[in-house]
Amino acid sequence: MDRVAKLASQKAVVIFSKSSCCMCHAIKRLFYEQGVSPAICELDEDSKGKEMEWALMRLGCNPAVPAVFIGGKFVGSSNTIMTLHLNGTLKNLLKNAGALWL
């Protein structure tokens, strides 16, 4: 849990992902298209990936990925992020976290 919290606070946007997950790919793409350069933590490429996956599940991520943190706070997974994007509130969250300047 400490490792997840530490990584989540290192950048304005952090995405915990798996390289083989199609929803993870879609969420990463969404952020790139918004002009955001998130930190990506690929759990399947990290030696402590399984531990982080369990920590994310304890936070309420089910499935564990994609898990998106904005401004060091857990925002949600793909459904939540897409909802925020579609209702227009994602941009404000990104601006407030310092991930967007426009």
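**Overall architecture**

In what order do the elements of the protein chain run from the N terminus on? In this predicted model, the order is α-β-α-β-α-β-β-α-α. The radius of gyration of the protein chain is 12 Å, close to the 13 Å that the globule rule gives for 102 residues, so the chain is as compact as a globular protein of that length. In total, the chain holds 5 helices and 4 strands.

Along the principal axes, the C-alpha atoms occupy a box of roughly 35 × 25 × 20 Å.

**Burial, surface and contacts**

Of the 102 residues in the protein chain, 40% are buried. The chain exposes about 5,900 Å², and carbon and sulfur atoms supply 53% of that area. Among contacts between residues at least 6 apart in sequence, 61% join residues at least 24 apart.

**Helix α2**

Helix α2 comprises the 12 residues 22-33; at 1.5 Å a residue it should span 16 Å, and its end C-alpha atoms are 16 Å apart, which agrees. The buried residues of α2 are C24, I27, K28, L30 and F31. Seen down the helix axis, these buried residues fall within an arc of 155°, so they line one face of α2. This pattern can be related to helix geometry: an α-helix has 3.6 residues a turn, so residues three or four places apart point the same way.

The cover over the buried residues of α2 includes strands β1 (13-17), β2 (39-42) and β3 (67-70), together with helices α4 (78-86) and α5 (90-97). On the other side of α2, C22 and E33 are exposed. Just after α2, G35 adopts a positive phi of about 90°.

Note on methods. Residues numbered from 1 in each chain as written. Predicted model: local features only at pLDDT ≥ 70, side-chain atom pairs only at ≥ 80, totals over all residues. Heavy atoms only, no water. Helix = DSSP H or I, 4+ residues; strand = E, 2+ residues; numbered from the N terminus. Expected span 1.5 Å × (residues − 1). Buried < 20%, exposed > 50% of the residue type's maximum accessible area, 1.4 Å probe, protein only. Arc of directions from axis to C-beta. Contact = heavy atoms within 4.5 Å. Rg over C-alpha atoms; globule rule 2.2 N^0.38 Å. Areas by Shrake-Rupley, 256 points an atom, 1.4 Å probe, with all protein chains shown as cover.
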